[in-house]
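Reader: I would like to learn how to read a structure feature by feature. Could we take it slowly, beginning with a single loop?

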Amino acid sequence: MKIAIIGGGISGLSAAFHLERRRRGGADVRYTLFESSDRLGGVMRTERVEGCLIEAGPDSFLSEKQSAADLCRELGIADQLVGSNDAHRRTYILVKGRLVEMPDGLQFMVPTKLWPTVMTPLFSWETKLRMAREFFAKPHTANGDESAAAFIERHFGPEVVDRLADPLLAGVYGGSAERLSVRAVLPRFLDMEAKYGSLSRAMLAAMKKRPANGARPIFTSMKDGMQQLVDAVVAELDPGAIRTSSRVMALGREGGDWVVLRQDSTAVRFDRVIVATPGYIAAGLLRSVEPRLASLLGEISYSSSVTVALGYAAAGFDGRGGKQEDGFGFLVPRSERKRLLACTFVHNKFPHRAPEDRLLLRVFLGGSHDPAALQLGDEEILRTVRDELQQILGLTAEPRFSRIYRWERSMAQYEVGHLERVAEIERLRAGLPGLALAGNAYRGIGVPDCIKSGLDAAAECLRCK
Ligand SMILES: Cc1cc2nc3c(=O)[nH]c(=O)nc-3n(C[C@H](O)[C@H](O)[C@H](O)COP(=O)(O)OP(=O)(O)OC[C@H]3O[C@@H](n4cnc5c(N)ncnc54)[C@H](O)[C@@H]3O)c2cc1C
């Protein structure tokens, strides 16, 4: 059986890894992976500069999602997994120009501890009273989908949307709480609402059930950065099966075969095809095969982002007050009218990523509210970032180095109605035997979700007759 994989990000690579394992196990399978750029890994990319380890794209993954760690175990690199330094796990929110620490006991955006919630300057008294009332909410089953903002506002009021939900979701999706679907991005909260009514009571009940030894770090990464995972997967693949700098222009059907049309106009026939590109690329590839499927794929919107890494001499870092240097970083609500969306203090979150005498910051710009950030030139990006860091942290020191990475349309936005759209995509896809879809467009944008999507797509190709 001949299988084409289109896209060499972590989704396509995971699919290839599954097929390679089955090939070595004796299955009659050959695969070819087509990647348009000259490197593999997609948005996963790590660089080293002056002893600092810089992540251009994802810097880690949620430890509670198992697929990434499981893949590392299969690759024999589980000893290379590193947890975030949760002793420093404090996050700040910019409120009226000042950094305010997120109160203790806040689980994602749900308060679970009374005293820190009462004392925090992060929320007004009105919001604190709403939080208290929320504790007594009655079980309620949502009727259809709604935005994450509407859902959180129902529970805790608009200030929690502005100061927590929106910046937290912008950090994960580069998107806005007003457009993201609660069913797609906060499904656990919906279950909690249906069972308990109150998210706070539900969260407390869940915390009680958690095993005592469940205190694993919240984020996991690789010692040598996320690229290490990419490199380990690639090292397991058959080099003869990888085609980099090989853009696929279209897919076609001939008889029962799939035809892959490449940029150089050559056409190659396969029995199965796994499309592991962003949704809008998959749409273009499948347009002539199934226009309705293509149009649904094209409707999944994507946001763009810019990440900027800045390395400082530790001695030159003059953060005002000093306490913000303690945490993992800070988030900037939209109401603060800044271009920065978030900043990670990498030297605290993953201390091994910066030598003792260096401090490493990583900031994010762009997202669905500021697509224009992607068009800014390097100088303007740096000037903006430095100005805003000075306003927020009082940081005037000259960075020793900086790196700018632009990620155009790379974060899928699961907008209201997303799961219904994905169900329809699935239905139409099922009518096209031999086609599998993987990637961040469908059921999770995190690295573990993408790994799972690739492994599942490959397994399905081998299963289908
Ligand atoms: C800045 C940023 C930070 C992130 N941070 C985190 C994080 O900390 N933790 C986390 O879990 N997730 C994070 N994510 C999300 C996660 O990294 C991505 O969702 C995931 O890596 C996507 O992998 P993928 O293989 O599906 O897509 P991609 O990495 O986009 O790969 C798709 C590949 O397809 C190729 N391609 C496109 N068109 C064609 C074509 N016509 N022919 C052949 N090849 C083609 C592209 O060149 C690309 O290599 C982040 C994402 C970004 C952008």
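Author: F108 sits in the loop between β9 (106–107) and β10 (110–111), where helices (H or I, at least four residues) and strands (E, at least two) are DSSP runs, numbered from the N terminus. This is a predicted model, in which local features need pLDDT of at least 70 and side-chain atom pairs count only at pLDDT 80 or more, while totals for chains, interfaces and linings use all residues. Residues are numbered from 1 along each chain as its sequence is written.

Reader: What is the phi of F108, and is F108 buried or exposed?

Author: Phi of F108 is positive, about 60°, although F108 is not a glycine. For burial, one counts the other C-beta atoms, placed from the backbone, within 10 Å of a residue's own: 20 or more make it buried, 12 or fewer exposed, and a count in between partly exposed. F108 has 12 such atoms and is therefore exposed.

Reader: Which loop holds E50, and how many C-beta neighbours does E50 have?

Author: E50 lies in the loop between β3 (46–49) and β4 (52–55), and its phi, near 45°, is again a positive value in a residue other than glycine. Because E50 has 13 C-beta neighbours inside 10 Å, it counts as partly exposed.

Reader: How should I read a helix, and which residues of α15 are buried?

Author: An α-helix has 3.6 residues a turn, so residues three or four places apart point the same way. In α15 the buried residues are H418, R421, V422 and I425. Seen down the axis of α15, these buried residues fall within an arc of 100° (taken over the directions from the helix axis to the C-beta atoms), so they line one face of the helix. On the other side of α15, the exposed residues are A423, R427 and A430.

Reader: What span should α15 have?

Author: The expected span of a helix is 1.5 Å times one less than its number of residues. For the 13 residues of α15 (residues 418–430) that gives 18 Å, and the end C-alpha atoms are 18 Å apart, which agrees.

Reader: How do I read strands, and in what order do β5, β6 and β11 lie?

Author: Two strands pair if DSSP finds at least two bridges between them. Here three strands form an open sheet in the order β5-β11-β6, with antiparallel pairing. The edge strands, each of which pairs on one side only, are β5 (61–62) and β6 (81–83). Two bridges join β5 to β11 (residues 219–222), and L62 has F219 as its bridge partner in β11.

Reader: Finally, how many residues surround the ligand, and why does it lie between domain 1 and domain 3?

Author: A residue is near a molecule if its C-beta atom, placed from the backbone, lies within 6 Å of it. There are 36 residues around the ligand, and the closest are G7, G9, G42, P58 and G446. The elements giving two or more residues to this shell are α1 (10–24), β17 (302–313), β21 (401–412) and α16 (447–463). Domain 1 (2–40 + 228–300 + 414–463) and domain 3 (303–412) both contribute to the shell, so the ligand lies between them; the domain bounds come from an automatic or database domain assignment.
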